[in-house]
Amino acid sequence: MRITSAFALCLAVGGGAFSLSVDRQGFVSSLVSSSGSLLLSSHRKDAVVSGSASTNEDAVATTAVVYQPLSISVDGVTVQVACWHPSDKVGQVSSRAAPPLYEYNIALSKIGKSLANWSLPTFIDRSFALEPTRRGVIPSQDQQQLPSHCPVVLLAHGFLGSRFDLSHIGEELAAEGFLVLSPEFPESLSASYDPNASKSGVPIDRSSINDQLLESVCGPLSPTSYGIVGHSLGCGTVDRTGDEKWTRVSIAGGSPSVRGPRSCFIGSVNDGAVSVARVIEPLNQYNFAQLDETTVRSRSWQKLPPRTSFIFRDVSNGPNHISFLAEPCNDAMISFLSPLLPVAQLLGIPVLDFDRYQVSRDSAATGKVVIPLVVDYLKQYMITVE
């Protein structure tokens, strides 16, 4: 489907038509039916999206975490990498310190192509500046060196995700002494590079990106241990990256990783994109301990088993597929893409639980449960000396 007008997209649906209007900067402004009825309207908002931490104005001192944007060259293609690591500052930093902003892009043109094979103009894409979820995240200094001899964790986003999807987890891990690296994979909704533009002519993929990241960034730092956390499609990356010495966490994926002895799986029965039912059998087959919700919410474990799993059991109010992502990312998607939801549903286009999240808005609540489990699990098997 090709757009012929610079300012309106008309979609034929079952003999009717919808007119999607955008302004000159590509912001969705309205969705109108063929009869002229205004179905939805979206007013342009400030492009800065705040996390839940920034709504609290208390000047509470907190451990400093550095956000440092990086890039690597993979067969001639420049790939952006988000990086968080402990600050070398002595002491703590006030939560009132100005945080860095994450450059988050939503390429509606790529979403349309990936989900419906539409050819949309790139001028409708939109950029956001996201604030961190955690207090105390500070920008890096020029030419700042990455920490060496520390545990390294890679983050792997899902299909039409971004390098900031798991930023809330990355920020907390960095506060605990981890170096966290989150590359932008080819399936990202940001469309920041063409994976087919490699020098060799072979498209770059997740494996080639992670291989280059480990060689060029991690290699000189002599990490003490490696781990990886993935969401959705990123759970496949969790399983394929590294060797049996790595510690792995899979969130909302189709199966737990059984590559190596240390693996944690987290899911929800309310996930409408990836059914958790398919995970139950391998969890039992490979002897994953199953934590109950009371234990997880109270953080009352003494030692987590090497193979650990936790599934939210609330069918009505449990997290959906994208509840596990950082709140600022989900808020940005809601503010930009909500007017398109009725069209996607009428056309039968997968929305990956976007419709459920539009109602639940539970990223922060989900993170309060999931992040401590992920952090404690990785600390136990990557930092703690047995």
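**Entry 1. Helix α2.** I began with α2, which is mostly covered, with seven of its nine residues buried. The model is a predicted one, and I read every entry below with that in mind. For α2 I noted the buried residues by name: S167, H168, I169, G170, E171, L173 and A174. I then stepped past the end of the helix. Just after α2, G177 has a positive phi of about 105°.

Entry 2. I next looked up E176, which sits in the loop between α2 (167–175) and β15 (179–183). Its side chain meets that of K379 in a salt bridge, 3.1 Å from N to O. K379 belongs to helix α10 (residues 363–382), so this pair ties together parts that are 203 residues apart in sequence.

Entry 3. I wrote down two more of them.

- E293 and R297 form a salt bridge through their side chains, 2.8 Å from N to O. Both residues lie in helix α6 (residues 293–298), four residues apart, about one turn of the helix. E293 is partly exposed, with 25% relative accessible area, whereas R297 counts as exposed at 53%.
- R356 forms a salt bridge with D353, and their closest N and O atoms are 3.6 Å apart. R356 is partly exposed at 37%. D353 counts as buried, because its relative accessibility is 6% and the cut-off for buried is under 20%.

Entry 4. I came back to D353 for its backbone. Where does D353 lie? D353 is found in the loop between α8 and α9 (354–360). Its phi is near 70°, a positive value in a residue other than glycine. I noted this because most residues other than glycine have a negative phi. N117 is another entry of this kind: its phi is positive, about 60°, although N117 is not a glycine. I placed N117 in the loop between α1 and β12 (126–130).

**Entry 5. The largest pocket.** I then turned to the largest pocket, which holds about 570 Å³ of space. Its lining is made by 34 residues, and those nearest the centre are I111, L115, L337, P350 and V351. Which elements each supply at least two residues of this lining? They are β1 (8–13), α1 (108–116), α7 (327–337) and α8 (341–346). The largest share, five residues, comes from α1. I also sorted the lining by residue class: 27 residues are nonpolar, six are polar and one is charged.

**Entry 6. L341 in α8.** L341 is placed in α8. Is L341 buried or exposed? L341 is buried, with a relative accessible area of 7%.

Entry 7. P195 lies in the loop between β15 and α3 (206–218). At 18% relative accessibility P195 counts as buried, because the cut-off is under 20%. I looked up its distance to V77, which is 118 residues away along the chain. The C-alpha atoms of P195 and V77 are separated by 7.1 Å.

Entry 8. F159, L233 and L352 make a nonpolar surface patch of about 210 Å². L233 is found in the loop between β16 (226–231) and α4 (234–240). L233 is partly exposed at 35% relative accessible area, so it passes the patch cut-off of over 30%.

Conventions
Residues numbered from 1 in each chain as written. Predicted model: local features only at pLDDT ≥ 70, side-chain atom pairs only at ≥ 80, totals over all residues. Heavy atoms only, no water. 1 Å grid on protein atoms, 1.4 Å probe; cavity = no way out; pocket = protein on both sides within 12 Å on 5 of 7 lines; lining within 4 Å. Points joined across faces, edges and corners; volume = space filled by probe spheres on them. Nonpolar A, V, L, I, M, F, W, Y, C, P; charged D, E, K, R; others polar. Patch = residues over 30% accessible without salt bridge, like charges linked within 9 Å, V, L, I, M, F, W, Y side chains within 5 Å. Areas by Shrake-Rupley, 256 points an atom, 1.4 Å probe, with all protein chains shown as cover. Salt bridge = Lys/Arg side-chain N within 4 Å of Asp/Glu carboxyl O. Buried < 20%, exposed > 50% of the residue type's maximum accessible area, 1.4 Å probe, protein only.
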